[in-house]
Amino acid sequence: MKPYESKLYFCQMKTVISERYILHKDNILPLIANFDEKGETISEARNTIKTFELPNLKINVKAFRKPNFINKIVYNFFRKSKAQRSFEHADFLLKNGFKTPQPIAYMQEDSGLFFGKSYYVSEHLEYDLTYRDIIHDPTFPNWHEILKQFTHFTHKLHEKGIEFLDHSPGNTLILVKENNEYEFFLVDLNRMKFHEKMDDKTRIKNFSKLTSDKNMVAVMSGEYAKLTGKDYHKVFGEMWGNTTKFQQHFHQRRKWKKKLKFWK
């Protein structure tokens, strides 16, 4: 995917658009300029995600919140923005046979000393469920088979040396195919590491954010043990240990955040 790149001082915005979508350039840029007033909001957690309808194309635009003072300098001079990393990681995944909504463009305020806001644009994907739907409903149809196929998908990522640091329940979209087949699409791509070869410890730890359900961890451990030729009890012990540590840290962090909000 060869990108079109231009420093357009349209709202002081650097714009990089995939060559495949260059004909949509004049439709996309005004959406960014009017992002706060236009579009349909689908998420407003840490960042804001909206959908927009273009001629023959529905897109998602993710607006990353403004970074803190230090990162305003870091992203301007030393590190790629979250939007740029999302765009480039999506391209990398697709080239290596993994699915993610098609990357269209990224934009970032690129003037002066301080970095401002940034945006990542991708095709909108109509999906059937997320990994989160399975863990919130223990009676979810065919959940055992979905977990097995998801484990195969994660193993393929690891074999390619891809460590998806935000491998968490909401970041895998799932399409249901025929004959109990499922397709997995990764989203929220800005945090990834790429290894020449992933070691076993890193591979197992990569499952730690997915679920606190011991039965689900057991299913993934069993399947991963088969795929890697490792002892099931060892894989399960490490995977469940990492999961427990993550859950403890997660709940401790939430506890401290509540205390800080109380004192404010």
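Which residues does Lys-62 touch, not counting residues up to four places away in sequence? The tour returns to this residue after a view of the whole chain.

**Whole chain**

This is a predicted model, in which local features need pLDDT of at least 70 and side-chain atom pairs count only at pLDDT 80 or more, while totals for chains, interfaces and linings use all residues. Residues are numbered from 1 along each chain as its sequence is written, and side-chain values use heavy atoms, with hydrogens and water left out.

Colour the model by secondary structure: the chain comes to eight helices and 12 strands (DSSP runs numbered from the N terminus, helices being H or I of at least four residues and strands E of at least two). Of the 264 residues, 45% are buried (under 20% relative accessible area, with exposed meaning over 50% and partly exposed in between, for a 1.4 Å probe and protein chains only). Among contacts (heavy atoms within 4.5 Å) with a separation of 6 or more, 60% join residues 24 or more positions apart.

Select Lys-62 in strand 5, which covers residues 57–64. With a relative accessible area of 12%, Lys-62 is buried. Show its surroundings: beyond four places in sequence, Lys-62 touches Asn-47, Thr-48, Ile-49, Ser-118, Tyr-119, Tyr-120 and Asp-188. The C-alpha atoms of Lys-62 and Lys-50 are separated by 6.6 Å, the two residues being 12 apart along the chain.

Asp-188 belongs to the loop between strand 11 (182–186) and strand 12 (192–194), and at 22% relative accessibility it counts as partly exposed. Check its backbone: although Asp-188 is not a glycine, its phi is positive, at about 60°. Most residues other than glycine have a negative phi.

Next select Asp-166, in the loop between strand 9 (162–164) and strand 10 (172–176). Is Asp-166 buried or exposed? At 13% relative accessibility, Asp-166 counts as buried. Its contacts outside four places in sequence are Asn-171, Asp-188, Arg-191 and Lys-209.

Move to Asn-142, in the loop between helix 4 (131–136) and helix 5. Asn-142 is another non-glycine residue with a positive phi, here about 65°, and its 31% relative accessibility makes it partly exposed.

Continue into helix 5 and select Ile-146. Ile-146 has a relative accessibility of 1% and so counts as buried. Beyond four places in sequence, Ile-146 touches Leu-129, Ile-134, Phe-140, Pro-141, Ile-174, Tyr-182 and Phe-184. For Ile-146 and Ile-174, 28 residues apart along the chain, the C-alpha separation is 9.2 Å.

**Helix 5 against helix 7**

Display helix 5 (residues 143–159) with helix 7 (residues 214–228): they pack at an angle of about 45°, and their axes are 9 Å apart. Each axis is a line fitted to C-alpha atoms over the stretch in contact, and angles run from 0 to 180 degrees between N-to-C directions. The two helices are therefore oblique to each other (under 35 degrees is roughly parallel, over 145 roughly antiparallel, 65 to 115 roughly perpendicular and the rest oblique).

Which residues form this contact? On helix 5, select Trp-143, His-144, Leu-147, Lys-148, Phe-150, Thr-151, His-152, His-155 and His-158; on helix 7, select Met-216, Val-219, Met-220, Glu-223, Tyr-224, Leu-227 and Thr-228. The residues of this contact comprise eight nonpolar, six polar and two charged (Ala, Val, Leu, Ile, Met, Phe, Trp, Tyr, Cys and Pro are nonpolar, Asp, Glu, Lys and Arg charged, and the others, Gly among them, polar).

**Helix 3**

Finish at helix 3 (residues 82–95), where 14 residues reach 20 Å from first C-alpha to last, close to the 20 Å expected at 1.5 Å a residue (1.5 Å times one less than the number of residues). Its buried residues are Ala-83, Gln-84, Arg-85, Ser-86, Phe-87, His-89, Ala-90, Asp-91 and Leu-93. Gly-97 follows helix 3, with a positive phi near 85°.
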